[in-house]
Amino acid sequence: MTGSGTFGSGIEYSEFVEQIIYLCNRSAISFSTPMYFNSDVKITAHEIQIIEYLLEERDEKMSDVAKRLGITRGAFSNNVSKLVEKGCIVKEHRNDNKKNLYLTVTPKGLNTYKQYSKCVYERSFSQMFSTIKELSPETLDVFQKVLKDFADSLPISQKTSPDSI
């Protein structure tokens, strides 16, 4: 980063900020682009994350899963509809409760998740985990806090007013 637009007095962190921006831009493209990930289902990383959370079997409301993922309820609902269309999840009522809908991963969804996980681990995570092993637990804690604090500072809704940014 160069020029007078560097963030206040944080010029010493400009390379770090540049890498975060690069990561965010690459992630935005990658997470929203449907790909096959060595399976027969063309799926986005956002959709896979929903499957992964559903596999945790927490029996959460859809709004709670959306909150954990850091996405709006509308975006979550849109992705759920796509996953239902692809046959990866089903919506169902349980225990004679006609009010609450629950999401369940289908065998096709589980297989797609497994293929995706294997592909992404081999492509990205194995190298990242190898690098992380070089960090002390304290350094890793600080790095995780930096990432979380940055992520929490980002607006996730177009309803955010200009005054609140």
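User: How many helices and strands does the protein have, and in what order do the elements run from the N terminus on?

Analyst: Helices and strands are read as DSSP runs, numbered from the N terminus (a helix is H or I over at least four residues, a strand is E over at least two). On that reading the protein has 6 helices and 2 strands, and its elements run α-α-α-α-β-β-α-α from the N terminus on. This is a predicted model, in which local features need pLDDT of at least 70 and side-chain atom pairs count only at pLDDT 80 or more, while totals for chains, interfaces and linings use all residues. Residues are numbered from 1 along each chain as its sequence is written, and side-chain values use heavy atoms, with hydrogens and water left out.

User: What percentage of the residues in the protein is buried, and what does the accessible surface of the protein come to?

Analyst: Burial is judged from relative accessible area (buried is under 20%, exposed over 50%, partly exposed in between, with a 1.4 Å probe and protein chains only). Here 21% of the 165 residues are buried. The accessible surface comes to about 12000 Å², of which carbon and sulfur atoms hold 54%; such areas come from the Shrake-Rupley method with a 1.4 Å probe, and for residues only the protein chains shown count as cover.

User: Which residues of the largest nonpolar core touch the most other members, and which element supplies the largest share?

Analyst: A nonpolar core is a set of buried Ala, Val, Leu, Ile, Met, Phe, Trp, Tyr and Cys residues joined through side-chain atoms within 4.5 Å. The largest one in this model has 23 residues, and I43, I50, I51, F76, L83 and I89 touch the most other members. Helix 2 (45–55), helix 3 (62–69), helix 4 (73–85), strand 2 (97–105) and helix 5 each supply at least two residues of this core, with the largest share, 6 residues, coming from helix 2. Within helix 2 itself, A45, E47, I48, I50, I51, Y53 and L54 are buried, and the helix is followed by E57, whose phi is positive, near 55°.

User: With which residues is F76 in contact, leaving aside its neighbours within four places in sequence?

Analyst: Contact here means heavy atoms within 4.5 Å. With those sequence neighbours left aside, F76 is in contact with I50, M62, V65, A66, L69, I71 and L103. For the protein as a whole, among contacts between residues at least 6 apart in sequence, 43% join residues at least 24 apart.

User: What count do the salt bridges come to, and which side chain meets that of E47 in a salt bridge?

Analyst: Side chains of opposite charge can pair when their charged atoms come close. The rule used asks for a side-chain nitrogen of Lys or Arg within 4 Å of a carboxyl oxygen of Asp or Glu, and by it the count comes to 5. One of these joins the side chains of E47 and K86 (2.7 Å, N to O); E47 lies in helix 2 and K86 in the loop between helix 4 and strand 1 (89–94), so the pair ties together parts that are 39 residues apart in sequence. E47 counts as buried, at 1% relative accessibility, whereas K86, at 22%, counts as partly exposed.

User: How far apart are the end C-alpha atoms of helix 5, and where is its kink centred?

Analyst: One compares the end-to-end distance with an expected span, which is 1.5 Å times one less than the number of residues. Helix 5 (residues 107–132) has 26 residues, yet its end C-alpha atoms are only 33 Å apart, short of the 38 Å that a straight helix would reach. A kink of about 55° is centred on Y121, where the bend at a residue is the angle between axes fitted to the seven residues ending there and the seven starting there. The buried residues of this helix are G109, T112, Y113, Y116, C119 and V120.

User: Is T106 buried or exposed, and what is the place of T106?

Analyst: T106 is placed in the loop between strand 2 and helix 5 and is buried, with a relative accessible area of 14%. Apart from its neighbours within four places in sequence, T106 is in contact with G87, C88, I89 and V90. D40, found in the loop between helix 1 (14–32) and helix 2, is exposed, with a relative accessible area of 62%. The C-alpha atoms of D40 and K108 are separated by 9.5 Å, although the two residues are 68 residues apart along the chain.
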